Amino acid sequence: MTNYVIDPPPQACAPVAGGGLFPVRRIFCVGQNYADHAREMGGDPQRNPPFFFTKPADALAVNGADAPYPSLTHNLHHEIELVVALAGGGRDIAAEAAEALIFGYAAGIDLTRRDLQAEAKKAGRPWDMAKGFDVSAPLGLIRPIGQTGRVGKGGVSLTVNGALRQNGDLADMIWSVPEIIAILSTYVKLAPGDLIFTGTPAGVGPALTGDVLHGEIEGVGEVTTRIV
């Protein structure tokens, strides 16, 4: 038996539709995976290799939990995203083998300190403090792939206090889910418990204290959080 010198932190986990908890190992995120969002962020929507960043597993906010407005920012933004939950992993995974590794899908929101991100970009520094802060990853129920089937198209939307802000389609992703898994596995060895946020459509914008964010992904589910 391992003798820890301090109590180990609790296992980060996310609820699964139908019951049970999905243990979360790591959270990976894909940047600018929709052409219209790439344009609004000043990027090039050409089909260049995707880039990735991470959030800590304990950044999750589940079961509709509130998200505190983070410190050191005056420009908190919402980004609705399809999230992939992995039941398998490996290195150098072929795209045609990737779907067999998927446990299920969920709707998630990538909360971003946009001003800190802009400063980091300008200085050529990492995005960690812009993306990986506390409670920066609200997540809805994970639905097993047996319930959703293959997910590659369907509406993606987010409202703020009932007003539509983001509206797109999964079919508009530059890189498909199998391609994302395959490419990410060339950078790191993926493993069961990993989550992948797959990018957001255009319409990202500010979220203020008191705002209720509600995202929906057709055929997958919903995610809700309130900024407090």
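**A chat about the fold**

A: Just after H3, the residue Gly 124 adopts a positive phi of about 70°. Please keep in mind throughout that this is a predicted model.

Q: Which residues of helix H3 are buried?
A: In helix H3, which covers residues 114-123, the buried residues are Arg 114, Asp 115, Leu 116, Gln 117 and Ala 120.

Q: How is E6 joined to E9?
A: Strand E6, residues 76-78, runs antiparallel to E9, and two bridges join them; Leu 76 is the residue that stands opposite Arg 113 in E9.

Q: Which sheet has E9 and E6 in it, and in what order?
A: An open sheet of three strands, ordered E9-E6-E15, with antiparallel pairing. Its edge strands are E9 (112-113) and E15 (205-206), each of which pairs on one side only.

Q: Back to H4, then: where is Lys 131, and is that lysine buried or exposed?
A: Lys 131 sits in helix H4, and it counts as buried because its relative accessible area is 3%.

Q: What does Lys 131 touch?
A: Leaving aside residues up to four places away in sequence, Lys 131 touches Phe 53, Lys 55, Glu 79, Asp 110, Leu 111, Thr 112, Arg 114, Gln 117 and Ser 136. Two of these contacts, Arg 114 and Gln 117, are also among the buried residues of H3.

Q: Where is Val 135, and what is its phi?
A: Val 135 lies in the loop between H4 and strand E10, residues 137-139, and its phi is near 55°, a positive value in a residue other than glycine. As background, most residues other than glycine have a negative phi.

Q: What about Gln 32, where is it and what phi does it have?
A: Gln 32 is placed in the loop between strand E3 (27-31) and helix H1 (35-40), and its phi, near 50°, is again positive in a residue other than glycine.

Q: Changing topic: which residues of H6 are buried?
A: For helix H6, residues 177-187, the buried set consists of Val 177, Ile 180, Ile 181, Ala 182, Ile 183, Leu 184 and Ser 185.

Q: And which elements do they pack against?
A: The buried residues of H6 pack against strands E3, E4 (51-55), E7 (80-86), E8 (102-109) and E14 (195-197), and also against helix H2 (95-98).

Q: Which strands does E16 pair with?
A: Strand E12, residues 155-160, pairs with E16 in the antiparallel sense over five bridges, and in that pairing Glu 216 is the bridge partner of Ser 157. Strand E17, residues 221-226, is also antiparallel to E16 and is joined to it by six bridges, with Gly 215 standing opposite Val 223.

Q: How many residues separate E16 and E17 in the hairpin?
A: Three residues lie between them, and Gly 219 in that turn has a positive phi of about 80°.

Q: How far is Gly 64 from Glu 222, in sequence and in space?
A: Gly 64 and Glu 222 are 158 residues apart in sequence, yet their C-alpha atoms are 9.8 Å apart in space. Gly 64 itself belongs to the loop between strand E5 (60-62) and E6, and counts as partly exposed because its relative accessibility is 41%.

Q: Zooming out, how many helices and strands are there, and what is the radius of gyration?
A: The protein chain has six helices and 17 strands. Its radius of gyration is 17 Å, which agrees with the value near 17 Å that a compact globule of 228 residues would have.

Note on methods. Residues numbered from 1 in each chain as written. Predicted model: local features only at pLDDT ≥ 70, side-chain atom pairs only at ≥ 80, totals over all residues. Heavy atoms only, no water. Helix = DSSP H or I, 4+ residues; strand = E, 2+ residues; numbered from the N terminus. Rg over C-alpha atoms; globule rule 2.2 N^0.38 Å. Pairing = 2+ DSSP bridges. Buried < 20%, exposed > 50% of the residue type's maximum accessible area, 1.4 Å probe, protein only. Contact = heavy atoms within 4.5 Å.
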